[in-house]
Amino acid sequence: MPLALITSPHQHAAQTTQRVMQHLLLATVPGLVALTWHFGWGTLINVALASITALGCEAAVVVLRRRPVGFYLRDCSALVTAVLLGLALPPLAPWWIPVVGSAFAIVIAKHLYGGLGYNPFNPAMVGYVVLLISFPVEMTRWLAPASILPDGASLPDLQASLQLVFPLLGNTPIDAFTMATPLDTFKHSQGLLVEQVLAENVWFTQGTWSGAGWEWVNLGFLAGGCYLLLQRVFTWHAPVAMLAGLSLMALLNYDAGSSTSGGPLDLHLLSGATMLGAFFIVTDPVTSAVSHLGRLIYGALVGVLIYIIRIWGNYPDAVAFAVLLMNFAAPFIDYYTLPRTYGHEKRGRATKMKD
Amino acid sequence: MRQTWPLPGGIHPPENKSQSLQRPIAQPPLPPCLVLPLNQHIGTPSVPRVCVGETVLKGQVVADAEGMISAALHAPTSGVIKAIETRPIAHPSGGEDVCIVLESDGEERWIELAARPDYADLAPAEVLALIARAGITGMGGAGFPSATKLQPRHAIDTLIINAAECEPYITADDVLMRERAPGISVGIDILAHVLGQPETILIGIEDNKPEAASALRDALDGSRADLVEIPTRYPSGGEKQLIQILTGKEVPSGGLPADIGIVCQNVGTTHAVFEAVCKGTPLISRITTVTGGACAHAGNFEVLIGTPVEHLLQAAGYDQGICQRLIMGGPMMGFTLADTDVPVVKSTNCLLAADAKESPQNNIPQACIRCGLCAEACPANLLPQQLYWYARARDYDKLAAHNLNDCIECGACAYVCPSEIPLVQYYRAAKGEIRVMQQEKIFSDHARIRFEFHKDRMEKAEREKAAKREQRKKAAEVARSTVGNSQPAPDGTTATDEDSDVVRAALARVQANKSSTEAQLRKLERNLEALDTQLNNAQSRLTEIPESDTGPHGKAAAAIEQIRVKRARVAGELEALKNQAPETPTDTGANAEPAGQDQRAVDKAAEAIARAQQRMAEQQSMSPDDKRRHQRERLEKRLVKARQRLAQAQTDGDENLGAYADAVASLEQKLTALQNTETTAEAIASSGTDTGER
């Protein structure tokens, strides 16, 4: 029997792409639990709908591309996209919201660009932005967390939730539970000093730092992110840089809490999609810069953009836009942030061609 | 404790070293047949110095080093040279190469060895010669000839002994240090002596070899070498990486450690140097680890170079049935063998017969998600994910910009890649393609330069020719104007123009010929003198070379013969030029032959000129009628001559018949014209008008 000729190395570490994705999924659990705890069944339904759609679309496209379906579904990347999208959508959105978003993310943003590893834009964020622009009413109808609902009211139970998501199953009015998010509230309280908003608004009177419920959701994602850092799924550079960029902007523009202030630091860090973005979106390796320095720049600029759009843009939150804009810039950042290679005096530039 | 610098990146794969550390170094039985590839090292293959059928002694040179980067080869045992032929060798490409095949006689008869334990009294160059003669090459894996490495172009201030042995499974250096530390200590001393006692001597050893470190520390007692334990982390044993860990310096890209004053030698090589100098033993054996799940008795063996792998594996209880991969070298950088009949070479530090458990499954690679784990692991600070991307796209400019050439192919990136992409293979392929392209570029550049040079040369020659033509034309004009000015026709007739033109041209020609002939003569004489000197020199050289030295002697003799031939030719030319009696111009007319190149010819030409000038003077003194008559007479004379020549040519069938006929016709025409003029002149003589011929 002739022996096999195989190139070195002849050993391999235990890490696999599938396991990286599974770590990611696992790390979303604290955030998902917090969302469900405070906002009811809606997020779970979103995640489930998005996941089923994503897997179905992935399978369909892979079949169309004449590739082995099992091989591609096993890498769990479609599931990650779907879960991240589902987490970002408003709970109890109509069923077609996660379905359309998820299908667009997988078919258009991922596979039409060549599939896993080739997509220049974060598929979950593309799906989210498509929905936000196309269906602004559904996409901005966030719920109030259970803790600040008026006495006697409660979040819909599973059956009511399903009826809300699938209107064919029955008719339940949703308006009883909806409420502007803390970021939205703040954005539209321009006549008031920061202190007044914090003292008067139920979000902040019921919450500890930056809005009842939301702060726990963000802390949940922060915990998941720390788990991923410990698992060495990604490095600290991009998320820390993003949080630092956002913090820097928030601190510089706080102006002692006047009525035109951009809002306090803890509001920006622990409200909206900040932590989800920092640890689950900005860290997407496919669409971010590659080197350490590149990821620092990429992350910091995402943070700055989030603040700019939150305060001076039309949207109360801005992680998706900021990330997509920086996805554009990632290859450009890569060109100028090559690490200094061993034996070279200084870092090179990828744009420098040999003559 | 000495300061060390951290290795950027790196990985920590399972060490798997204990399997082969259970037993002391063993000797496999003497193989019946040894195969010695001529190219076991980096550089030019050795040149065989034995014939088939020749009996050789153990340690006898069987192949010599060839050129600067090469190594000698010695018989690992006594026996008979059975063949010098191509045999399969251990190489990643699984190819064949020329090998000397030695059949052992089992007697192990040594050649007489010249031990120099007094190396300290020898000059470094002499010790270096001993090392070169022993055929020592780097034993850590690359196999670079050690003698070349030990004569760097720069001053060396640091000698580093590489005892890191960072690859999993391999323990050859470990056991060598455990069992033969004193020899290594002396070897270090010899290396330091050869390198002119560098300021710092460092031994880098990973901290997973405490026994070896303590044995070496004992042996180093009193030596100024500094044993530095470094964290166990692959690939700390890479030359560049070890230098960085121990000194904080980096070898410049594309450069050598010597460029920063460092020489790095493997600990096995150091021991081989000790053996070569202090015992006179050439490099005929080495320690090789034989390990892996398919070897029942894993361990280290002192194996003769050229031992077939099969023979060595049998000594370690190899079971082919469960062997999944047979790897020469370690699991990170070694290459798989297709067959077990290849020989062990000087750089074979390990044979790893891996069973199914030890071999990765070789899954289909998934897409690169640019997770960056590879960049975290890369010890050279490259971006392997980008290199992979550009290697697939064959974007060679981008690969160069991302410093592909600084990749040491350690395999850390592929080891950690979660998508199981064989990254190193992509880099190797891209490097190969770039090498081929560079070769082609060099060839095409050469061709282009050659072509452009040729074009330039042709253009230059053409320009020079044109310039010469221009010069000649100008000279002729100048000559014409001088003659015209000095001797204007007094009566305004133009009838004499023809004659004066001819004279001027002849004058110019003769002048030119005169000078060129003289110059040529002088040149030939100078040539002759130079050749005579050359001949004398060559002959005196010839006497200095002893006739026994056939090669140079023959060459010198041939050179003398060449000079003689050349001299004879030049002398002949000179003689010919001196004696040449070319046809003297018989006439100053249009048919005048070119003047000869001899002095006498020149004199004749001068006479002819004098005659022509005299005639011109006579003509000028004549009356127009006399002049015409005189002219007619001459034309008639020339016509007669031309007719005779034509007749001669017709009878001879001369190829210039047409030219002669033309000349006759032209003369007839001129004569007719002259007669017409005469008639007219006579007719209008009373009116005093004169018309020219033209």
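Which residue is the bridge partner of B:V290 in β16(B)? In this predicted model, where local features need pLDDT of at least 70, side-chain atom pairs count only at pLDDT 80 or more, and totals for chains, interfaces and linings use all residues, that partner is B:L351. As for bookkeeping, residues are numbered from 1 along each chain as its sequence is written, chains are lettered from A and ligands numbered from 1 in the order in which they are written, and side-chain values use heavy atoms, with hydrogens and water left out.

Strand β12 of chain B spans residues 285-291; helices (H or I, at least four residues) and strands (E, at least two) are DSSP runs, numbered from the N terminus. β12(B) pairs with β16(B), residues 350-354, in the parallel sense over three bridges, pairing being called if DSSP finds at least two bridges between two strands. With β13(B), residues 299-304, β12(B) pairs in the antiparallel sense over six bridges, and there B:R286 has B:V303 as its bridge partner. Six of the seven residues of β12(B) are buried, so the strand is largely enclosed by the rest of the structure. Here buried means under 20% relative accessible area, exposed over 50%, and partly exposed in between (1.4 Å probe, protein chains only).

Over in chain A, helix α16 (residues 274-281) has eight of its eight residues buried, so this helix too is largely enclosed by the rest of the structure. Among them are A:M275, A:F279 and A:F280.

B:K465, by contrast, counts as exposed because its relative accessibility is 51%. B:K465 sits in helix α12 of chain B, residues 423-486.
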